[in-house]
Amino acid sequence: MVRGYRGELDLNNTQKTLCRKHAGAARWAYNYGLRRKQEAYKAGQKTPTAIDLHREINALKPSEPWMREVSKCAFQEALRDLDAAFKHFFRKCRLKKEGTWKDKCGYPRFKSRKKAIGGARFTGSIRVFPDAIQLPRLGVLRLKEHGYLPLNVKISSATIHEQAGRWFVSICVHGDAEGEKDPQAATGDVIGVDLGIKRLATLSDGRTFENPRALRKKITALKRTSRRHSRKAKGSRNRQKAKQRLSRMHARIANVRNDALHQATAQIVARTKPDQERPRVIVLEDLHIAGMLKNRRLARAIADVGMYEFKRQILYKAEQAGVKVLLASRWEPSSKTCSCCGWVNEALTLSDRVFVCLECGNVQDRDDNAAKNLAALAQ
């Protein structure tokens, strides 16, 4: 199993400057490779690969002293990312000709420093300590969270990137950490999970998780901050400060949403609990999120929930905990079906928050009824 771990770095000013140099070198190499590929295509020549482009960059190093201040990994990995971008572009073009791809193909574009500082990826000698990580040319970098990154494991790559003024490192780990065993199959009850807007998730066992509504609570402040940024003169120092404030607010909203999703999914999967207390099956609805976002009245509220991220976290956390996940069909009438007798109310609308069965007289919350129907599908 390939796993990823992400932690925040605690850097001093010298280390931040060096990280910015590596991010700039990676951005420059990506743009250089894209420009060379376009020139070769227009001239009718063979398109250079990442290896060919890296040889050209090595030939430029004697005349460019700044290239020797950064690790060679910044150039190598950026050119490999460029090759991967073209590979995905041609794959989507082929699928579009076949009629199986409806969206844009995504031709690679030049990277601009105005949008983001970016990051750089490293390979080779990477060592992880309880409170620090050692990367090529950057040296030992302190971590803000101690004991989170695994020790004594095979690390294929490490990526540093900047987000709203904070620097993070992500490592790609192959295999399990030392002392970690394969998960035992869970033997607990079946749990049905119904996702919603008013409440994040409603479980068939009676538990509920509230929706933090991170964007809705900050939408007024976000509009005001964005308006202040747009009114600053382009290229000015004040505009740069306003941009930093705006990026920090966007990051704050995303962090609040991710924290709520991680806490909810961790409690549902219950990885640290005994086998008999972990659910043996979790039933989720296979919702068509892209189609739901086309509803202009509910698009912002649906996007603020993070339904796809909830599903993604449940899938990988359940795999690590020995829990099976079933995806119910998106056409399953879980909300319109009575969980007691099976009667289907075809006239039920989205505004009806209480389900009333005209056959057996069952009256209960709409989301509770849907969660119980989902749990019954696993039987």
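Author: Let's start with a pair of strands: β8 (residues 190-195) runs antiparallel to β9, and the two are joined over 3 bridges. Strands here are DSSP runs of E with at least two residues, helices are runs of H or I with at least four, and both are numbered from the N terminus. Two strands count as paired if DSSP finds at least two bridges between them. Keep in mind that this is a predicted model, with residues numbered from 1 along each chain as its sequence is written; local features need pLDDT of at least 70 and side-chain atom pairs pLDDT 80 or more, while totals for chains, interfaces and linings use all residues, and side-chain values rest on heavy atoms, with hydrogens and water left out.

Back to the strands. β8 and β9 make a hairpin with 3 residues between them, and L195 has A201 of β9 as its bridge partner. β9 itself (residues 199-203) is mostly covered, with 5 of its 5 residues buried. Buried means under 20% relative accessible area, exposed means over 50%, and partly exposed is in between, using a 1.4 Å probe and protein chains only.

On we go to β10 (residues 208-210), which pairs with β9 in the antiparallel sense, again over 3 bridges.

Now zoom out. The open sheet has 5 strands in the order β10-β9-β8-β11-β12, with mixed pairing. The edges belong to β10 and β12 (324-328), each with a single partner strand, so one side of each has no neighbour in the sheet. On average, neighbouring strands are turned by 20° against each other, direction ignored. Helix α5 packs on this sheet, where it touches β9, β10 and β11 (281-285), and its direction makes about 5° with that of β9. Helix α9 (residues 366-377) packs on the sheet too, touching β8, β9, β11 and β12, with its direction at about 135° to that of β8. Axes are lines fitted to C-alpha atoms, for helices over the stretch in contact, and angles between N-to-C directions run from 0 to 180 degrees. Contact means heavy atoms within 4.5 Å.

α5 has a helix partner as well. The axes of α5 (residues 237-269) and α8 (residues 307-321) come within 9 Å and cross at roughly 40°, and the crossing is right-handed. From α5, the contact residues include L261, A264, T265 and I268, and from α8 they include F310, I314, K317 and A321. As for handedness, a crossing is right-handed if the near helix is turned clockwise from the far one by less than a right angle, and left-handed if anticlockwise.

H54 counts as buried, at 12% relative accessibility. Leaving out residues up to four places away in sequence, H54 touches K72, F75, Q76 and L79.

F75 also turns up among the aromatics, in one cluster with W28, Y32 and W66. Rings of Phe, Tyr and Trp (its six-membered ring) pair if their centres lie within 6.5 Å; planes under 30 degrees apart are stacked, over 60 edge-to-face, and the rest tilted. That rule gives 10 aromatic pairs. Y5 and Y148 make an edge-to-face pair, as their ring centres are 5.8 Å apart and their planes stand at 70°. Y5 is in strand β1 (residues 2-10) and Y148 in the loop between β5 (139-143) and β6 (154-163), so this pair ties together parts that are 143 residues apart in sequence. Y5 is buried at 14% relative accessibility, whereas Y148 is partly exposed at 37%. W28 and Y32, by contrast, are stacked, with centres 5.2 Å apart and planes at 15°. Both lie in helix α1 (residues 13-42), 4 residues apart, about one turn of the helix.
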